[in-house]
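Please read it alongside the structure below.

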Amino acid sequence: LWGQADQLARLVKTWRLPDPGLRPADIRVPAAPGGEEDEDAHSVEALDRMGNLMLKTLLECCDDQTAVHVSLAGGRKTMSYLAGLALSLVGRAQDRLSHVVLSDSRFERCKAFYFPPRPAATLDLDTLDRASGKPLRLSTKGVQVNIVDVVFVRLRELLGEGMVAEFDNSQPLTALAKDANAAMFEPD
């Protein structure tokens, strides 16, 4: 997003968008107890830290009437799942879950493609042509980026504000999910 490639600034300039105000300091990364940031989620503990951070962040964002928009695009599949799970547990009626869908899926595996450039360009895909052994080339002309809403179950109202309000941030996301399952299946 930043640094030498500075894709965020390029996106804003290319498509004449308002500056979203996102800065490197806004990015939250889960960290091990010793303070070392998780490079990736390759352990149960790292996955718990990732889920906990998402839940904590959503709890902070969902404490007023502001609408929250969570995107499942990019990142790890597990990270997307945990984001959706956390939003299901604490999301409200005004909150939104989405995914990015490209009109040409071949660009999904193209490291050089971040968004459709203006003017259109021809990019080397991360797929080799079987005959020549060279990267396949594809024009970005006409490729569209669509933000598609993903339906999710909003459990916050069903579970009650008490469960969400009393949630102890030291408990993992999995504990709140288990509490939610228990609450839904308790006999009346």
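The largest nonpolar core has 26 residues; such a core is a set of buried Ala, Val, Leu, Ile, Met, Phe, Trp, Tyr and Cys residues joined through side-chain atoms within 4.5 Å. Buried means under 20% relative accessible area (1.4 Å probe, protein chains only). The model is predicted: local features need pLDDT of at least 70, side-chain atom pairs count only at pLDDT 80 or more, and totals for chains, interfaces and linings use all residues. Residues are numbered from 1 along each chain as its sequence is written, and side-chain values use heavy atoms, without hydrogens and water.

**Cores**
- Within the largest core, the residues with the most contacts are Leu55, Leu58, Val70, Leu89, Val90 and Leu173.
- At least two residues of this core come from each of α2 (44–61), α3 (77–90) and α6 (173–185), and α3 gives the most, with seven.
- Leu173 touches Gly51, Asn52, Leu55, Leu82, Leu85, Ala86 and Leu89, leaving aside residues up to four places away in sequence; contact means heavy atoms within 4.5 Å.
- A second, separate core has eight residues, among them Cys110, Phe113, Leu123 and Val143.

**Packing of α2 and α3**
- The axes of α2 and α3 are 9 Å apart, at an angle of about 40°.

**Helix α1**
- Gln7, Leu8 and Val12 are the buried residues of α1 (residues 7–14).
- Seen down the α1 axis, these residues fall within an arc of 135°, so they line one face of the helix.
- Arg16, which follows α1, has a positive phi, near 50°.

How values were computed:
Buried < 20%, exposed > 50% of the residue type's maximum accessible area, 1.4 Å probe, protein only. Helix = DSSP H or I, 4+ residues; strand = E, 2+ residues; numbered from the N terminus. Arc of directions from axis to C-beta. Axes fitted to C-alpha atoms, helices over the stretch in contact; angles between N-to-C directions.
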